[in-house]
Amino acid sequence: MSFQKFGFEERILLGIEAMNYHLPTPVQEQVIPCIMAGKDVIASAQTGTGKTAAFLLPVLNRIVSNRQGDFIKCLIVVPTRELAIQISQHIEGFSYFVEVSSLAVFGGSDGAVFSNEKRALTQGADIAVCTPGRLISHLNLGYVKLDQIQVLVLDEADRMLDMGFLPDIQKIISYIPKKPQTLFFSATMPPRIRDLARKILVSPSEINIGLATPPAKIIQQGFKISEDKKIFLVNDLISSGTNFKSILVFCHTKAKVKELSRSLKKTQASVEEIHSDLGQSEREATLNRFKSRQTRVLVATDILARGIDVEDIDLVINYSVPYDAEDYVHRIGRTARVQADGHAFTLISPMEHRRFNAIEKFLGYEIPKLPLPETLVVKPQTENKNKAGTASDKSLVRRNRQSDSRKISRSGRYKQQGTS
């Protein structure tokens with residue numbers, strides 16, 4: 001099936017072509033006809049399956065086909081500012097040949113940004129892409145009108161609930177008096193997600209695409225290694241993997257991100273880091289350099305596990321094992337996007353074995369473990385039969401015994417160095 005078969009307007013098709021989209025992905029094939037028919041949709045689709053285009057294209061086509069007044073026609077609610085920016089960039093690309101206005105409302109400390117958001121919300125952008133907290137801030141001031149919303153999109157719904165946004169989502173919905181067409185996207189479908197969907201959707205079309213499983217084209221491999229040697233292994237993987245032009249490394253904490261980044265910069269030419277200590281403008285600039293491949297290695301916290309839209313990431317390295325299988329899927333889902341191949345390495349310390357076993361059980365298969373490079377293998381000590389060496393060893397033992405005797409004679413009891 002080609003995109004022409006969906007019945008999009010010609011100008012939308014031009015935008016699709018300009019964005020270098022050729023054939024629809026499975027989620028697009030199933031979701032787009034339902035949205036075009038005006039149905040509510042609940043779709044389970046993992047990151048990298050093309051779900052953003054699946055809801056944006058029919059929404060854009062609806063706005064273009066039925067041009068109305070200056071008010072918000074589509075509200076897209078997302079968990080993070082990174083995802084808001086990504087979706088806004090897609091809107092700009094797909095709507096290049098049509099007159100559709102959009103606005104990303106995702107927060108920040110700059111008062112001028114808030115004023116610009118207020119102006120756009122009151123004047124009526126066609127599409128508003130918002131994080132829950134920031135939109136609530138505007139709603140509380142009384143000037144945002146959502147009474148003519150035609151389409152409501154909740155993207156990464158499971159992530160929003162994990163981040164505690166359920167009360168905000170319920171409050172936002174309370175500001176929408178007329179029931180809009182509602183599109184509900186989530187990578188996973190636990191009971192609380194289905195409970196929320198039942199409350200806000202009417203006779204929805206249910207679509208499941210690759211629920212919580214990594215794309216088949218990702219080559220997954222692991223290394224069993226002690227925690228103190230992980231930094232050296234990451235450096236070795238990056239140095240030896242000359243075919244990997246774009247590498248994303250995930251760590252649990254920003255402290256570990258900073259430590260690993262400092263270490264890699266001593267031997268690697270192009271390394272940057274991204275975490276919550278960076279300002280929004282710094283994070284955007286860092287991501288843009290990574291997207292354009294000015295930066296080869298990006299070390300990140302899980303803030304990027306969802307919502308980063310970077311094409312052709314060759315390798316994802318899990319410096320630390322994720323705490324649950326869903327996070328593992330989202331991390332490695334940064335590579336092998338849509339139709340590309342990819343690699344994912346996971347470094348597994350003894351303390352993380354149980355966690356990684358749980359991930360393998362969730363996936364239903366064992367991930368191959370690779371041998372460590374020879375430089376990181378701890379070799380057992382062998383007996384030194386060299387006479388000079390033996391004599392030296394005996395001499396060292398004698399000196400230690402003499403030292404111990406002097407300590408005992410001075411203090412009346414034995415004290416180990418460094419203890420009290």
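Two rings of Phe, Tyr or Trp (for Trp, its six-membered ring) count as a pair if their centres lie within 6.5 Å; planes under 30 degrees apart are called stacked, those over 60 edge-to-face, and the rest tilted. With that rule in hand I looked up the rings, and I found Phe-3, Phe-6, Phe-8, Tyr-21 and Phe-94 linked by ring pairs into a cluster.

I note that the model is predicted, that local features need pLDDT of at least 70 and side-chain atom pairs pLDDT 80 or more, while totals for chains, interfaces and linings use all residues. Residues are numbered from 1 along each chain as its sequence is written, and side-chain values use heavy atoms, with hydrogens and water left out.

**Aromatic pairs**

My search of the whole structure gave nine aromatic pairs. One of them is Tyr-21 with Phe-94, an edge-to-face pair at 5.2 Å centre to centre, with 75 degrees between the planes. Tyr-21 sits in the loop between helix H1 (10-18) and helix H2 (26-36), and Phe-94 lies 73 residues away in helix H4 (residues 81-94); helices (H or I, at least four residues) and strands (E, at least two) are DSSP runs numbered from the N terminus. Is Phe-94 buried or exposed? I found Phe-94 buried, at a relative accessible area of 0%, whereas Tyr-21 is partly exposed at 24%; buried means under 20% relative accessible area, exposed over 50%, and partly exposed in between, with a 1.4 Å probe and protein chains only.

I then turned to Phe-223 and Phe-345, which also form an edge-to-face pair, 5.7 Å centre to centre and 70 degrees between the planes.

**Salt bridges**

I counted 21 salt bridges, taking each as a side-chain nitrogen of Lys or Arg within 4 Å of a carboxyl oxygen of Asp or Glu. Among them, Arg-194 and Glu-206 meet at 3.3 Å, N to O. Arg-194 is in helix H9 (residues 191-200) and Glu-206 in strand E7 (residues 205-209), 12 residues apart. Arg-194 is partly exposed at 28%, but Glu-206 is exposed at 52%.

Which residues form a network of salt bridges? I listed Glu-227, Lys-230, Glu-352 and Arg-355 as linked in this way.

**Charges over rings**

Lys-230 came up again, lying over the face of Tyr-319 at 5.5 Å from the ring centre; the rule asks for NZ of Lys or CZ of Arg within 6 Å of the ring centre and within 35 degrees of the ring normal. I also noted Lys-73 over the face of Phe-71, at 4.4 Å from the ring centre.
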